[in-house]
Amino acid sequence: MRSALLIVLGLVIGILGTAFTFSALHQRTPLPKAVMTVMAYHSSVLHHAVKTNQCDAAAIGAHLARLQSTSLDIPAAFKGVEQPFLDASDKLGGAIGSAVTAAPSSCAALATALQPVDDACDSCHKRFR
């Protein structure tokens, strides 16, 4: 009787240990959320600059460059996603690249350059979120 109880106890402990191990191995990395948080920060700084009419060309360029470099991390951060998501990521990268190339130096130009970026973000978030 005692040995049967120890065998059952050993099996229960083994099953729990296995469940905890698989749970730990399958936890997602924080990278996808971090990429989106960094992009949201730079985008919000740019939108705030437009709203307050304080558009310094150097600061705009720096935030657009960071937005562009962070957008390049999206495919690596979201491994294993379907192709339409990667296509939407490429569309966002193109919109940000166009904004960087436009090099807006005024608030009106920045607002115009950010519109396609906002559209790309919104369409992706509506479809995949």
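Which helices are included in what covers the buried residues of H3? In this predicted model, the cover includes helix H2 (31-52), helix H4 (74-77), helix H5 (83-102) and helix H6 (107-128).

Helix H3 itself spans residues 57-71, a run of 15 residues. The distance from its first C-alpha to its last is 21 Å, close to the 21 Å expected at 1.5 Å a residue. Six positions are listed as buried in H3, namely Ile60, His63, Leu64, Leu67, Thr70 and Ser71. Viewed down the axis of H3, these buried residues lie within an arc of 130 degrees, so they line one face of the helix. An α-helix has 3.6 residues a turn, so residues three or four places apart point the same way.

The axes of H3 and H5 are 9 Å apart and the packing angle is about 160 degrees. Because angles over 145 degrees count as roughly antiparallel, H3 and H5 are roughly antiparallel to each other. Their crossing is left-handed. On the H3 side, the contact is made by Leu64, Ala65, Leu67, Gln68 and Ser71. On the H5 side, Ser89, Gly93, Ile96, Gly97, Ala99 and Val100 take part.

Ser89 belongs to helix H5. Its relative accessibility is 7%, and Ser89 therefore counts as buried, the cut-off being under 20%. With residues up to four places away in sequence not counted, Ser89 touches Ser71, Ile74 and Pro75.

Key:
Residues are numbered from 1 along each chain as its sequence is written. This is a predicted model: local features need pLDDT of at least 70, side-chain atom pairs count only at pLDDT 80 or more; totals for chains, interfaces and linings use all residues. Side-chain values use heavy atoms; hydrogens and water are left out. Helices (H or I, at least four residues) and strands (E, at least two) are DSSP runs, numbered from the N terminus. The expected span of a helix is 1.5 Å times one less than its number of residues. Buried means under 20% relative accessible area, exposed over 50%, partly exposed in between (1.4 Å probe, protein chains only). The arc is that of the directions from the helix axis to the C-beta atoms. Contact means heavy atoms within 4.5 Å. Axes are lines fitted to C-alpha atoms, for helices over the stretch in contact, and angles run from 0 to 180 degrees between N-to-C directions. Angles under 35 degrees count as roughly parallel, over 145 as roughly antiparallel, 65 to 115 as roughly perpendicular and the rest as oblique. A crossing is left-handed if the near helix is turned anticlockwise from the far one by less than a right angle, and right-handed if clockwise.
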